[in-house]
Structure formats: structure tokens, C-alpha cells
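Biologist: I've never looked at this one before. Please take me through it step by step.

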Amino acid sequence: MTTIQTESFAEYILVEHRWIVVMVALLPLSALWKVWSIFRNYVVFKLNSAPKMHDKKVKEVQKQIKAWLSGDRSTRLCTARPAWQAMSFRQGIYKKTFTNIKVNLVDVLEVDTENMTVRCEPLVTMGQLSRTLEPLGLALAAVPELDQLTVGGLVMGTGVESSSHIYGLFQHFCTQYELVLADGSVVTCSKDENPDLFYAVPWSYGTLGFLTSAVIKVVPAKKYIRLEYHPYNKLSELSQQFREESLKEKPHQFIEALLYTKESGVLMTGDMADEIGDDGKYNPIGKWHSEWFFTQVQRHLHNNRSAVEYIPLRDYYHRHSRSLFWELQDIIPFGNNPIFRYLLGWLMPPEVSLLKLTQPEAVARLYDKAHVIQDMLVPVEHLEKSIEVFHKEIEVYPIWLCPFKVFNNPGQLKIKTKADWQMFVDVGVYGVPKAKGYETVSSTRAIEAFVSQHDGFQMLYADTYTTHEEFRRMFDHTLYDKVRDSLPHCKEAFPEIYGKVNRNVRK
Ligand SMILES: Cc1cc2nc3c(=O)[nH]c(=O)nc-3n(C[C@H](O)[C@H](O)[C@H](O)COP(=O)(O)OP(=O)(O)OC[C@H]3O[C@@H](n4cnc5c(N)ncnc54)[C@H](O)[C@@H]3O)c2cc1C
Ligand SMILES: *[C@@H]1O[C@H](CO)[C@@H](O)[C@H](O)[C@H]1NC(C)=O
Ligand SMILES: *[C@@H]1O[C@H](CO)[C@@H](O)[C@H](O)[C@H]1NC(C)=O
């Protein structure tokens with residue numbers, strides 16, 4: 001941190017003693033915001049007022065696009081949601097130069113228990129959705145972890161969680177999208193209706209149209225997750241078991257692993273349960289005073305033996321939320337101290353959006369220089385090799401490992417097999433790199449090259465340093481180009497995906 005030049009005393013306090021700001025301003029504000037939105041969403045859902053409002057709100061979106069159409073169309077279009085509100089730490093510089101379209105659609109529209117789907121507006125968050133579905137005995141097929149991730153971002157980017165080895169990525173359990181296109185028209189698409197558009201929307205990052213609703217599959221849920229912890233001290237053994245578990249004919253419902261060093265980690269397998277069995281202890285990890293989940297898991301590694309626990313459903317789904325995986329340890333260093341947890345733990349985590357809003361330029365620069373946030377997606381057989389490469393180039397621990405299926409659908413994620421699906425693993429690295437010689441651009445490029453050579457993909461929320469050609473090789477643009485050519489005004493209104501995610505082009 002000392003390498004950062006701070007420009008004023010205020011900035012010095014903000015950078016060097018961020019926790020002060022976090023404590024006196026952010027945490028109380030976050031808590032108030034949370035209470036208000038839970039209350040508001042509950043009332044709206046109970047009154048069932050959102051479905052009636054939906055069409056009117058979609059018309060609002062159309063109206064703004066029509067205004068752009070009738071102008072000189074010298075600017076492009078993007079959502080008006082400011083970059084600080086999104087989860088990604090990237091700075092969306094284009095927000096300043098593009099015409100901002102307000103897509104103020106924030107509600108759960110309908111839960112269909114016959115077809116087992118839920119229809120949502122794009123700004124519905126994962127926390128809001130799991131809170132709405134749980135009392136109905138339901139859950140999304142996979143629940144992307146952090147409370148504040150939105151349906152829109154997960155459809156346009158992607159989402160993955162510990163049941164994705166069964167249900168796939170977020171796009172694989174969405175059955176329909178409703179969009180407003182650049183010509184101002186409203187279309188719905190599914191695998192049977194406008195299939196080209198349906199398959200091109202995921203990973204298009206808002207470059208085909210504005211999402212106004214999505215229909216997503218739900219599954220029956222039980223009260224608890226019975227979670228097994230299996231520690232390993234050899235990467236080869238952990239990798240092999242991880243692969244075997246994810247490829248089993250009848251796998252556990254949830255699979256995830258955390259690596260704490262290159263050779264050691266804990267593999268977790270879970271299944272839903274109606275009640276707490278006598279083979280394990282009850283552990284409500286989501287309590288305000290609970291220890292952060294990733295340090296609890298690490299204890300199983302130190303104990304060096306397998307264990308079983310029963311965890312309440314929502315506590316499990318959002319197990320990494322209170323510590324933002326392990327990002328919070330860099331922002332509130334004593335956040336996991338029991339005294340802090342018992343006194344102020346109920347305020348955690350601070351809203352990421354508020355953190356970013358108060359984040360001065362210096363912190364943004366710090367994140368640029370000395371902080372990695374990347375999810376790389378590789379076929380599961382390359383897991384061990386990937387860890388070795390990540391260790392050499394970056395060296396950040398813990399590493400998050402989550403298996404998922406990529407179904408053989410048309411679209412940007414083209415897999416190199418004729419089978420119905422291929423098993424992948426998400427290798428998530430979040431933190432301060434310790435590798436000797438780490439340098440953001442060259443190290444990230446080395447990883448990107450490795451991932452590309454091994455038929456993998458990079459998540460779009462993180463910075464990409466690939467060239468345009470490399471990016472188009474990683475993601476198959478055949479269908480995407482065809483759809484963009486066929487939609488009126490699409491290319492005028494939106495840049496290519498690369499234009500939004502590459503650092504240099506984005507400006
Ligand atoms: C700290 C952190 C933790 C994360 N944790 C997880 C995790 O646990 N699981 C997981 O799966 N992923 C995770 N991600 C990645 C996440 O999947 C992406 O960031 C994803 O895009 C969702 O982000 P968001 O809801 O903030 O969407 P945004 O960043 O707001 O949206 C992403 C893009 O989608 C487009 N978009 C959004 N809404 C619309 C709309 N209505 N119409 C048209 N285009 C739209 C926009 O172009 C926007 O740039 C994490 C990311 C970070 C930074
Ligand atoms: C279930 O889906 C079918 C076919 O898509 C549809 O006709 C039916 O109305 C749906 N059921 C409900 C309760 O909406
Ligand atoms: C962990 O336990 C296994 C036996 O179950 C033993 O072989 C191994 O040496 C132990 N590892 C450590 C680091 O204690």
C-alpha cells in the first residue's frame with residue numbers, strides 16, 4: 001500500500017484506514033438499505049403489484065430507445081445502472097459517453113409451481129430471489145453466491161454455483177428471455193421461439209438488446225444441506241476426487257472445493273436434507289456472529305479428517321457472502337475477530353456498491369495494480385495443470401473451485417466435443433498476488449493464453465487483456481455475428497462484446 005501516492009489527507013485516511021470509513025458510514029448505511037429493500041420486496045410480492053406494473057415499465061424502456069432512434073444516433077446505448085452499483089470492480093467508462101437507458105425493473109413477477117419456473121425482472125438480486133422462494137419450498141436450480149448479483153447481469157454475463165455440475169451455468173436453466181431491441185420492439189425468445197437470439201443472449205453482455213424479464217427454472221428445496229468436508233494434502237488426489245465426484249452418474253447435489261495452498265484444500269459435497277441427522281453437527285454459518293465460512297472450512301484441513309455438518313439452506317446458498325468470498329479480509333482486516341463479529345457482525349457485509357461508491361481513485365488504482373479478481377473456466381481434466389499455472393503466475397489463495405456443465409448449445413460457449421455436455425471447473429482467484437514477478441498485464445495474458453489453449457473461457461466481469469482476435473477465438477462469434485447482422489440498428493446501438501470488456505478498448 002505504501003507505493004500508492006495519496007493526494008490528500010482524506011484520501012490517506014480512505015486508503016490506509018479504510019475500515020474507519022467502512023465502520024462509521026458504510027456499515028450502518030448498508031444495513032438500513034438492506035432492511036428497506038427486504039421490506040419493500042416483501043410487500044410488492046405479497047400485493048402482487050409487480051406484474052401489473054411490468055408492461056408499463058417495459059414501455060418506458062421502449063420510449064427511451066425510440067427517442068434515441070429519432071435523434072441523430074451518434075451515441076451508443078447501455079443500461080443506466082452506474083458502474084459502482086454492479087459487482088464487477090471494472091470501471092465502465094462507456095457509461096459516460098453512451099446514451100443511458102433506465103431499466104428500472106426490480107421485481108419477482110411470478111412463481112409458477114406447475115412448470116417449476118420463476119419469472120423475474122433483471123434487477124432482481126439473488127438474495128431477494130432466495131428469500132422469496134425459500135418459504136415456498138423452492139430454490140433456483142443454482143444460486144450464484146453473492147446476495148447482490150442480479151438476474152440481468154447473470155443472464156448477460158454468466159453465473160455458476162455448486163450445483164452447476166448438474167444444472168449448468170445460469171443460461172442453461174433459463175427458459176425464456178424478454179428483450180427490448182435497438183429498434184424499440186419487444187421480443188421474447190426461447191429454444192423454440194427466436195432460438196438464434198435465445199442462444200446468443202448469454203455472454204452478449206448487453207450488446208444485443210435490453211433484458212426486461214427472464215424465466216428461470218426452480219427446484220424443490222429442503223430445510224438443510226448436509227455437507228461433507230474432505231481435506232486433502234495432495235493436489236493430484238484432490239483433483240482426481242473432484243473430477244470423479246462431478247462426473248458420477250448420481251452425484252451429490254452440491255460440489256465445491258477450496259484450496260489453501262498449492263497442495264492442500266478441502267473438497268465439500270452436499271445434499272439437501274429435511275432434518276438434522278445424528279451423523280453431524282448443526283452449524284448455522286449465516287448467523288451474524290459466525291466465523292467467516294472459508295476460515296471454518298480451513299479448520300477441517302488442519303484437523304486432517306473428514307466431517308459432516310448440517311447447514312440451513314439459505315445460509316449454505318450465501319455461505320461466502322458475509323466475507324465476499326475472502327475479499328473482506330483485505331478491507332476490514334479484523335472483520336473475523338470474535339469481538340468484532342459479536343459487536344458489529346450483524347452489519348456485515350457492507351454493500352459492495354457502497355464500498356465502490358466511496359472508493360477513491362487511489363483504491364481503484366490499488367485494485368488495478370495489486371489485486372486479481374478472475375474466474376477462469378477450463379475443462380475439468382485440466383484442473384491440476386491449471387492450478388500449477390495459476391500458482392506460478394499469480395499465487396493467490398484460497399482458490400475457489402466449482403464444477404459445472406457446459407451444454408452443447410449454439411452460442412458463444414462452443415465446446416470441443418460432440419457429446420451433450422462437457423464438465424468444466426471454475427477456478428476463481430480473488431486477492432493479492434504473491435507470485436514473484438507478477439505484473440498485471442503479462443501475468444493475466446499468460447493465464448489467458450493457457451486457458452485458451454486448453455479450450456477454456458474467461459468470465460466477462462473481469463478485465464480481459466486478450467487481443468480482439470484472441471477474444472474472438474476464445475468465444476465463438478458465428479451465431480452472435482449472424483444475430484447482430486439480422487437485428488435492425490443493433491450494430492449502431494451496441495459495440496461488440498470485446499468493446500465492453502477489454503481494458504484498452506473500453507475507454
Ligand atoms: C466480487 C465478485 C463476486 C462474484 N461472485 C460470483 C458468484 O458467486 N457466482 C457467480 O456466478 N458470479 C460471481 N461473480 C461474477 C458475476 O457473475 C458477474 O459479475 C455477473 O455479470 C453479474 O454481475 P451484476 O449482477 O453485478 O451485473 P452487472 O455487472 O450490472 O451486469 C453485467 C453486464 O450485463 C449487462 N446487463 C445487465 N443487465 C442488463 C439488462 N437488463 N439488459 C441488458 N444488459 C444488461 C450489462 O452490459 C452489464 O455490463 C462475481 C463478481 C465479482 C466482482
Ligand atoms: C406451464 O407451461 C405451459 C406451456 O408453456 C403453459 O401453457 C401453462 O400455462 C403453464 N402453466 C402455468 C400455471 O402458467
Ligand atoms: C493426514 O492424515 C493422513 C491419514 O488419514 C496421513 O496419512 C497424513 O500424513 C496426514 N497429513 C498431515 C499433514 O497431517
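**A first tour**

Biologist: Is Met116 buried, exposed or partly exposed?

Modeller: Buried means under 20% relative accessible area and exposed over 50%, with partly exposed in between (1.4 Å probe, protein chains only). Met116 has 23%. So Met116 is partly exposed.

Modeller: By the way, this is a predicted model: local features need pLDDT of at least 70, side-chain atom pairs count only at pLDDT 80 or more, and totals for chains, interfaces and linings use all residues. Residues are numbered from 1 along each chain as its sequence is written, chains are lettered from A and ligands numbered from 1 in the order written, and side-chain values use heavy atoms, leaving out hydrogens and water.

Biologist: What is phi of Met116 near?

Modeller: Met116 sits in the loop between β3 (108-112) and β4 (117-120); strands (E, at least two residues) and helices (H or I, at least four) are DSSP runs, numbered from the N terminus. Its phi is positive, though Met116 isn't glycine, and lies near 55°.

Biologist: And Asp455, what is its relative accessible area?

Modeller: Asp455 is in the loop between α17 and β17 (457-458). Its phi is positive too, near 60°. Asp455 is partly exposed, so its value falls in the middle class: 32%.

Biologist: How many residues of helix α5 are buried?

Modeller: Helix α5 covers residues 126-133 and is mostly covered. Among the buried ones are Met126, Leu129 and Leu133.
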